Amino acid sequence: MDTFIPAAKPIIGDEEREAVDRVLRSGMIAQGPEVAQFEREFADHFVAGRETVAVNSGTSGQHLGLLAAGVGAGDEVIVPSFTFAATGNSVALTGATPVFVDIELDHFSLDPAAVRAAITPRTKGIMPVHLYGHPFLVDEIEAIAREHGLAIYEDAAQAHGASWQGRPVGTIGDFAMFSLYPTKNMTSGEGGMVSCGTATIARNMRLLRNQGMETQYENEVVGFNARMTDIHAAIGRVQLTKVDAWTAQRQRNAAALDAGLAGIDGIQTPKVADGAVHVYHQYTIRLDPAERDRVRQALLDEYQIGSGVYYPIPNHRLPSLQHFAPGLELPVTEQAAREVLSLPVHPSLRDGDIARIVDALTAISGAGA
Ligand SMILES: *Cc1c(COP(=O)(O)O)cnc(C)c1O
């Protein structure tokens, strides 16, 4: 029997283990010099030296970023519904209202026309998601933000290294959150990194992360404990030296999948916008909704190939978030939720895995026709 091909697989090497051991032996394991060094290295690597603040998760980063940018009760923030729940959760946690709007299908980006239609006098900002590692439609969303005096907050959880017309993801909004969860393009175990667009947001982030203190025991504001540990930062620093090679491998895997799947009827392969660099956190195809679940099951049962549906329930219909959007209908979001299937594209795929995925889909699609 063929070995199982998982949908995602973090790569942890000897260097990561040695880095953790070095920190453990130092006896200083909470937030300290490793975190500070990780912040500088991440900033230089991904966001052109912008100030960055490390926290204990991407969700914390997004929540604290919004608070640092002054979002709170009475405000509205426009978000997609077709994303991980953390996007809307982080808005709700500030006391503000997440306003869910529809997407377009080519890049699963916030639909600019839908964003425009959702703006009210309470709208404070727009939080688009660089979903699957493809940047959102930056030019159009920026034009709307400029026209209406709105902030942009980037959900870059899935998009380390992506760019739009040469502008790195993470340098576009007032702040941007990168997740360092194990299945993301690089990891620190758990963690998040916030790229800050202004000195005020950076300082607020640092205060909110650490009980409102900059100087010990002189607490200036009510804050959280959202600190990253030096153990996690040490893992992240090593991963930072490897992530570019992994991204290149993801892109080669995606190109091979593109070529292999191009001829199969009923499979829509991912599109890349002109001038966009896609980092393929996910390689997401679209299928006939009547076929999607059968294809997914057959990949697993008959070919030992894992896949994922990100995300099956639009956020505006989740029990946790639906009270923000009574009766709301987002037809393109619903369509995407029924059609998407993410195939393995991660850099731990081995020689022959892509061919196995292509052959399996060729056979399964033929069988369904
Ligand atoms: C992973 C993810 C988050 C949250 O990041 P965590 O590090 O898991 O807290 C937020 N938004 C999106 C789109 C994500 O994929």
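A pocket, on a 1 Å grid over the protein atoms alone, is an open set of points with protein on both sides within 12 Å along at least five of seven lines. A molecule sits in a pocket if more than half of its atoms lie within 2 Å of its grid points. The space taken by the ligand here is the largest pocket. This is a predicted model, in which local features need pLDDT of at least 70 and side-chain atom pairs count only at pLDDT 80 or more, while totals for chains, interfaces and linings use all residues. Residues are numbered from 1 along each chain as its sequence is written, and side-chain values use heavy atoms, with hydrogens and water left out.

**Ligand shell**

- The ligand is surrounded by 17 residues, and the closest are G58, T59, Q158, S179 and K184; a residue is near a molecule if one of its heavy atoms lies within 4 Å of it.
- Two or more shell residues come from each of α3 (58–68), α4 (86–93) and β8 (175–179).
- Helices (H or I, at least four residues) and strands (E, at least two) are DSSP runs, numbered from the N terminus.
- Helix α3 gives the largest share of the shell, three residues.
- By class, the shell has six nonpolar, nine polar and two charged residues.
- In this scheme Ala, Val, Leu, Ile, Met, Phe, Trp, Tyr, Cys and Pro count as nonpolar, Asp, Glu, Lys and Arg as charged, and the others, Gly among them, as polar.

- T59 places a polar side-chain atom 2.6 Å from an oxygen atom of the ligand.
- For S179, a polar side-chain atom is 2.7 Å from an oxygen atom of the ligand.

**Backbone geometry**

- The peptide bond from Y310 to Y311 is cis, with omega near 15°, and Y311 lies in the loop between α9 (292–303) and α10 (331–339).
- Q165, in the loop between β6 (163–164) and β7 (167–168), is not a glycine but has a positive phi, near 50°.
- Q165 counts as partly exposed because its relative accessibility is 44%; buried means under 20% relative accessible area, exposed over 50%, and partly exposed in between (1.4 Å probe, protein chains only).
- Y217, also not a glycine, has a positive phi of about 65°.
- The loop between α7 (199–209) and α8 (230–261) holds Y217, which counts as exposed because its relative accessibility is 68%.

**Other positions**

- E16 is found in helix α1 (residues 14–26) and is buried, with a relative accessible area of 1%.
- A polar side-chain atom of E16 lies 3.0 Å from the backbone nitrogen of G13.
- R116, in helix α5 (residues 112–118), is partly exposed at 40% relative accessibility.
- R116 and I144 are 28 residues apart in sequence, and their C-alpha atoms are 6.9 Å apart.
- T198 lies in the loop between β9 (192–196) and α7, and its C-alpha atom is 47 Å from that of G352, 154 residues apart along the chain.

Notes:
A polar contact is a pair of N or O atoms within 3.5 Å; within protein, one must be able to donate a hydrogen and the other to accept it, and residues adjacent in sequence count only if both atoms are side-chain atoms. On a 1 Å grid over the protein atoms alone, a cavity is a set of points where a 1.4 Å probe fits but cannot get out, and a pocket is an open set with protein on both sides within 12 Å along at least five of seven lines; lining residues have an atom within 4 Å of a point.
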